[in-house]
Structures are given as structure tokens and as C-alpha cells.
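Morning, everyone. I have one structure to walk through today, and I'll keep it brisk.

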There are 2 protein chains.
Amino acid sequence: MSSPKYGVVAVGNALVDVIAHTTDDFIAAQHESNGMEKGAMTLIDEARAMELYSKMGPGVETSGGSAANTMAGFASFGGTGGFIGKIAQDQLGEIFQHDIRAQGLEFTTQPLVIGAATGRCMILITPDAQRTMNTFLGASVELTAEDVDQGLIASAQVTYLEGYLFDREQAKQAFIRAAEYAHEAGHRVALTLSDPFCVDRHRSDFINLVQNHIDILFANEDEIKSLFMQENLDDAVSAIGEHVEIAAITSGPNGAVIIKDGQTTKITAQPVDKVVDTTGAGDQFAAGFLYGFTEGKSMAECGKLGALAAAEVISHIGPRPEIELAVLLKDAA
Amino acid sequence: MSSPKYGVVAVGNALVDVIAHTTDDFIAAQHESNGMEKGAMTLIDEARAMELYSKMGPGVETSGGSAANTMAGFASFGGTGGFIGKIAQDQLGEIFQHDIRAQGLEFTTQPLVIGAATGRCMILITPDAQRTMNTFLGASVELTAEDVDQGLIASAQVTYLEGYLFDREQAKQAFIRAAEYAHEAGHRVALTLSDPFCVDRHRSDFINLVQNHIDILFANEDEIKSLFMQENLDDAVSAIGEHVEIAAITSGPNGAVIIKDGQTTKITAQPVDKVVDTTGAGDQFAAGFLYGFTEGKSMAECGKLGALAAAEVISHIGPRPEIELAVLLKDAA
């Protein structure tokens with residue numbers, strides 16, 4: 001088999017983030033009135049998005065979406081690849097498309113012509129650097145199996161799937177299709193669980209997907225516990241080890257644990273001067289890990305690259321690296 | 001005369017900034033091919049904006065526009081006021097409108113229904129923290145004298161005009177109209193010259209405006225030298241002192257000089273740990289100065305507030321304060 005053209009192709013939500021600072025009181029009031037969950041991602045419709053936006057402070061806009069953020073980090077390390085996700089034909093869609101292509105990534109998904117606007121995620125950052133997300137998925141939920149570009153998938157060592165997409169039935173079909181294309185080409189499929197509430201909403205489908213289609217699983221502690229409905233983390237971790245080739249379980253400032261073929265590798269979090277905004281920490285851990293993986297590194301090295309990228313992204317506002325990760329990596333060596 | 005409801009109402013371009021890092025080589029190549037001037041603002045049309053955007057790296061979007069940035073800083077100190085400027089009915093226009101209103105500022109200008117999109121300014125930041133701006137004015141040039149809200153202007157102690165608007169004839173008329181409304185109400189009119197090239201394009205109109213309608217003038221050294229075509233800064237400064245009540249001349253890391261009634265006050269620049277992006281330094285100096293002025297402070301105190309705001313904005317990416325300036329002011333006291 002010839003070596004694949006690309007490192008990673010991701011399938012995920014195409015979103016633009018609107019980031020604003022807020023207070024704990026604001027989150028508490030929104031929890032009361034609209035069920036906003038601090039630290040979690042809440043799905044909202046367009047009317048609610050407009051209402052929330054009108055109450056938020058001034059924002060900064062930047063391309064987001066979990067898997068797209070991972071690809072931005074992966075490309076920043078020097079990785080090559082592409083992204084599959086649905087934008088609309090509007091200004092926010094143009095911004096998303098520009099930013100993903102400006103990273104050198106291939107992006108060929110046809111935009112939605114009639115229907116919802118490009119999706120956006122309103123991210124509220126509290127003084128403790130936690131991010132609370134409110135997502136209007138917009139056009140991104142219109143991704144179907146037909147949008148999964150077989151040639152692009154087949155060209156990548158790893159196809160990376162974003163769990164958040166699971167909130168729509170046709171996106172589940174797109175996942176299965178992408179996984180089939182990747183495996184037909186003899187390549188690997190990775191999944192990030194994205195969010196404990198998302199796992200909770202689609203537990204049996206996620207378990208089916210993991211058991212039948214996933215080689216590499218990314219999750220944090222809450223997500224993996226939710227998947228197996230286990231209170232005990234160790235039990236959940238050993239359960240996942242039976243289903244996938246590699247599982248990378250992150251736990252914020254406590255670092256991460258990687259399980260491969262029954263072997264456990266502990267990863268220490270990289271210290272940062274000041275945690276400014278935790279948005280994208282998990283996405284960037286995956287970026288670093290996948291860069292190491294596609295470069296044939298050991299699990300310990302993959303984890304270290306993940307920790308490096310996560311440390312960069314939590315030290316500033318915004319979900320994508322501000323400093324070229326390839327430069328950071330060189331400096332660290 | 002009853003005391004005015006607001007501190008400052010500004011008339012300026014309604015723009016969304018697209019900020020990206022770049023190299024000196026990129027600027028040099030664009031200088032060769034398209035006349036891009038490092039450190040300056042170049043006006044571009046929509047076709048050129050699209051071409052440049054396609055060549056730029058990934059960006060971050062944030063509301064901008066010189067006078068609108070000043071108002072954001074002014075409001076961040078606790079000042080009250082409004083903004084007059086033209087957006088289109090599109091997503092970038094919604095972002096601009098949201099951000100200005102989220103600061104507690106009044107914004108009533110009717111958006112452009114048919115015609116150009118909301119204007120945007122592509123800001124390229126080089127490793128030396130300099131910003132090079134490329135502005136597609138879009139809808140913002142469609143501001144006319146009819147858009148100048150007499151009630152809003154009359155309600156403010158100071159009407160603040162952005163020199164960049166002078167690139168269109170009908171905007172010049174809007175300026176004269178705004179100045180007349182302000183003076184009829186017994187209030188003051190301030191102007192920022194914005195850019196030496198802009199001054200160069202419209203020198204005689206600027207001189208007429210300054211002589212006949214302006215009480216407070218903001219400029220940097222290059223702009224004031226350009227206005228009077230003086231090589232010598234001292235000569236230019238003494239020339240301006242004859243035309244306006246107050247002139248505030250900034251000179252980057254060397255601070256500023258304020259001339260009022262023939263008296264000169266020197267202002268020291270506030271040191272910063274690291275200059276990250278000089279975008280908005282002049283705008284924020286004006287914000288701090290105007291906040292002090294509307295609070296009845298001395299020239300020395302007004303200048304110090306200007307230096308405080310400028311120091312905040314150059315220590316991060318983006319043209320508007322990230323930290324509440326009222327809090328910064330409290331901490332400094």
C-alpha cells in the first residue's frame with residue numbers, strides 16, 4: 001500500500017465562535033431562565049441564539065468547531081489534511097472557509113444554498129477561565145453521507161470524527177460512511193466524544209460506533225464515565241480498552257492517560273503561567289496527539305505533543321493556536 | 001444650559017476588522033504588487049479585498065473602525081454616548097451593531113438596504129507589532145448628512161469626528177452638519193486626523209474644517225506635519241495651537257503633547273511589558289483623553305488617562321480594550 005497523501009481528515013461542525021467575557025451571575029441567571037450549564041455545551045435554536053446574543057457583551061469572532069480546531073492545531077504543527085463540514089453561503093461561512101484553507105487544509109464540502117445560516121457557538125468566559133458554550137448549529141447539521149468525500153477520506157492516515165455531530169441522525173450516517181471509506185482504504189478512524197451531555201443523549205449509538213468503527217478514541221473523564229455509565233473512572237477506562245486500539249483520556253490539569261493494547265501511559269499536563277480560557281484544550285490535545293501519531297511517535301511522545309498544544313491554547317482567548325505549534329515544538333526541543 | 005445627557009457621540013466608519021499575523025516578506029511583496037504601505041492604511045475596493053483575503057493567513061474578526069474603537073474605550077472607562085456610522089444589513093453589520101450596543105452606546109443609524117456589504121479592514125500584524133491596514137469601506141462610505149441624528153449630537157458634551165471618513169465627499173458634508181448641530185447646542189467638536197496619507201489626500205478640506213469647526217484636535221506627529229506641510233514638528237504644533245482650543249499630538253512610545261490656550265503639557269507614555277499589536281493606540285489615547293475631558297479633569301490628567309488606555313490596547317491583539325478600563329483606572333489609583 002502506498003503511503004497516504006494526508007495525515008488527518010476531520011468530519012465535524014463548521015462553526016464560527018463568538019467569544020465574550022461574562023460573570024458567574026450572568027451564567028447563573030441564564031441557568032435559571034434557559035438551562036445554560038456552566039462549563040458545558042448547550043444546543044440552542046436560532047431564536048434563542050439571537051436573544052442570548054442581544055444580552056451578551058461585545059464579542060470577538062473566530063472560526064471554531066471542535067474538529068476544525070483540532071485540524072487548525074494539527075496543521076500548525078506541520079500536519080497535512082482536510083476538513084469536511086457544512087457552511088452556508090454567507091459571510092460567516094466565508095470566514096470559516098477562509099480560515100480552514102489558509103491553514104493549508106483541503107475543504108471541499110459544498111455550502112448549503114437554501115436554509116439555515118452558518119452555525120455559531122457563543123462562548124462565555126467566566127473569570128475562572130471556564131468556557132460555557134451555546135451552539136446554534138445552523139447549516140452544520142445539514143451534513144449528510146453524500147458530503148463525505150471518499151477520495152479525501154481515503155487520502156488520509158486517520159479520519160477524525162467529532163462527537164458533537166451526533167446530535168443529528170443524518171450526521172450519524174455520515175460518520176458510518178466516513179468510517180467505512182477509511183477502513184476500506186486500510187486507514188484508521190478516530191472519534192472524540194466531545195461532551196458528556198452529548199454522550200448522554202446518544203449513548204447506545206456512540207457505543208455501537210465505538211465498538212464497530214473506531215480505532216482511536218479521545219475523551220475526557222466525564223465523557224468516558226458517561227459512555228459506560230460508570231461512576232468509577234478506572235472501570236470506565238478499562239472498559240474502553242477492550243473496544244479500541246488506542247484510548248486517550250484527558251483530565252484537565254491532571255494531564256491524560258493513554259491506553260494502547262492494555263498498556264497505560266500517563267501524560268503530565270504542561271504547566272502554564274496563567275490559564276486564560278480553557279476553550280479548545282481537548283481539541284488541541286487531540287491535535288498534538290494525532291500529529292505525533294501520524295509521524296510514527298510513541299504514545300508518550302504523542303501525549304506530550306498533545307499537552308504542548310493544549311497548554312498553548314489555554315493561555316489565551318480563542319480555540320486555535322496563536323503561536324505556530326511547529327515553532328513551539330522546535331523551541332521546546 | 002442643562003448638562004448634556006451624554007459624554008461623547010462619534011461619527012465614523014463602521015467596520016469589522018479581520019486581523020491576521022504576517023511576515024515582513026508578505027508586506028514587501030504586496031507593496032511591490034499592490035502598493036501596500038507598511039504601518040499605514042490603504043483603501044482597497046471589494047475585488048482587491050477578496051484577493052488579499054484569499055492570500056492572508058487565518059484571521060480573527062472583531063468590531064473596529066477608528067472612532068468606534070474610541071467609543072468602546074470611552075464606554076469602558078464608564079463614559080456614556082453614541083455612535084453614528086453606516087453598516088449594511090448583513091452578518092458583519094449585525095456583529096458591529098451588537099458590539100457597539102453591548103457597550104451601552106446608542107446606535108441608531110439606519111443600515112444600508114441595497115448596495116455594498118458592511119465595510120471591513122484587513123489588519124496585518126508583523127513580528128515588530130506594527131499593523132498595516134487595508135480597508136474596504138463598503139457600506140460605511142454611504143453615510144450622508146441625513147444620517148447625522150441632531151438629537152443624538154445635541155445630547156453630547158463632545159461630538160467626535162473620524163478623519164478617515166473624509167475620503168468621501170458626502171461624508172465631509174455629514175461632518176459639517178454634525179459640527180453645526182453640536183455648536184448650536186453649545187457643545188464642542190473634536191476631530192482625529194486618522195492618517196497622514198488621508199490628510200495628504202484632503203489637506204485643504206481638513207484645514208478648512210479645523211479652522212472653522214473644530215475645538216479639539218487629535219493627531220500624531222506625521223499627521224500634524226502633513227496637515228501644515230511642515231518638516232519641523234514644533235512649527236506644526238505651534239501652527240495648530242492658533243486654530244483650535246486644544247490639540248493633543250501623540251508620538252507613540254515618546255508619549256504626547258497637549259496644547260491648550262498656548263500652554264503645553266507633556267504626557268509620558270505608560271510602559272508596557274510587551275508591545276503585541278499597536279492597532280488602536282491612537283484611538284484609545286483619544287478615548288482616555290475624552291473621558292478625562294468630559295469628567296472635567298486637567299490636561300495632565302486627561303493625557304494620563306489616554307496613555308493608560310493606549311498601553312492596555314497595545315499589549316494584546318485587537319483594537320479595543322480587553323480589560324475594563326474603569327477597573328484598570330481604579331487599580332492604578
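This is a predicted model: local features need pLDDT of at least 70, side-chain atom pairs count only at pLDDT 80 or more; totals for chains, interfaces and linings use all residues.

I'll take the symmetry, then the contact between the chains, then the sheet, then a few single residues.

Everything I quote is computed from it.

Start with the two copies. In general, two copies of a chain are related by a rotation about an axis and a shift along it. Here, chain B goes onto chain A with a turn of 180° and a shift of 0.0 Å along the axis. Which residue of chain B comes closest to the rotation axis? B:Glu61, with its C-alpha at 2.4 Å.

Now the contact itself. Chain B puts in 18 residues, and chain A puts in 19 residues. On the chain B side, two elements give two or more residues each: strand 4, residues 60-63, and helix 4, residues 91-102. Helix 4 of chain B has the largest share, at six residues.

Next, the strands at the contact. Strand 4 of chain A and strand 4 of chain B run antiparallel, and three bridges join them. Look at the pairs. A:Glu61 has B:Glu61 as its bridge partner, in strand 4 of chain B. Remember B:Glu61 from the axis: in chain B, that is the residue closest to it. A:Val60 stands opposite B:Thr62 in strand 4 of chain B.

Last, single residues. Most residues other than glycine have a negative phi. Two in chain A are worth a look on that count. A:Ala129 is not a glycine, yet has a positive phi of about 75°. A:Ala129 sits in the loop between strand 7 and strand 8 of chain A. A:Ser194, not a glycine either, has a positive phi of about 80°. A:Ser194 is in the loop between strand 10, residues 188-192, and helix 7, residues 196-201, of chain A.

Is A:Ser194 buried or exposed? Buried, because A:Ser194 has 27 C-beta neighbours inside 10 Å, and the cut-off for buried is 20 or more. A:Ala129 has 15 C-beta neighbours inside 10 Å, so that one counts as partly exposed.

One more, in chain B. B:Asp149 lies in the loop between strand 8 and helix 5 of chain B. B:Asp149 is partly exposed, because 18 C-beta neighbours fall inside 10 Å. Leaving out residues up to four places away in sequence, B:Asp149 touches B:Ile84 and B:Thr108. B:Tyr181 is 32 residues from B:Asp149 in sequence, and 9.0 Å away in space, C-alpha to C-alpha.

Note on methods. Residues are numbered from 1 along each chain as its sequence is written. Chains are lettered from A and ligands numbered from 1 in the order in which they are written. Two residues are in contact if their C-beta atoms, placed from the backbone, lie within 7 Å. Helices (H or I, at least four residues) and strands (E, at least two) are DSSP runs, numbered from the N terminus. Two strands pair if DSSP finds at least two bridges between them. A residue is buried if 20 or more other C-beta atoms lie within 10 Å of its own, exposed if 12 or fewer, and partly exposed in between; C-beta atoms are placed from the backbone. Copies are superposed by least squares on the C-alpha atoms of residues with pLDDT of at least 70 in both.
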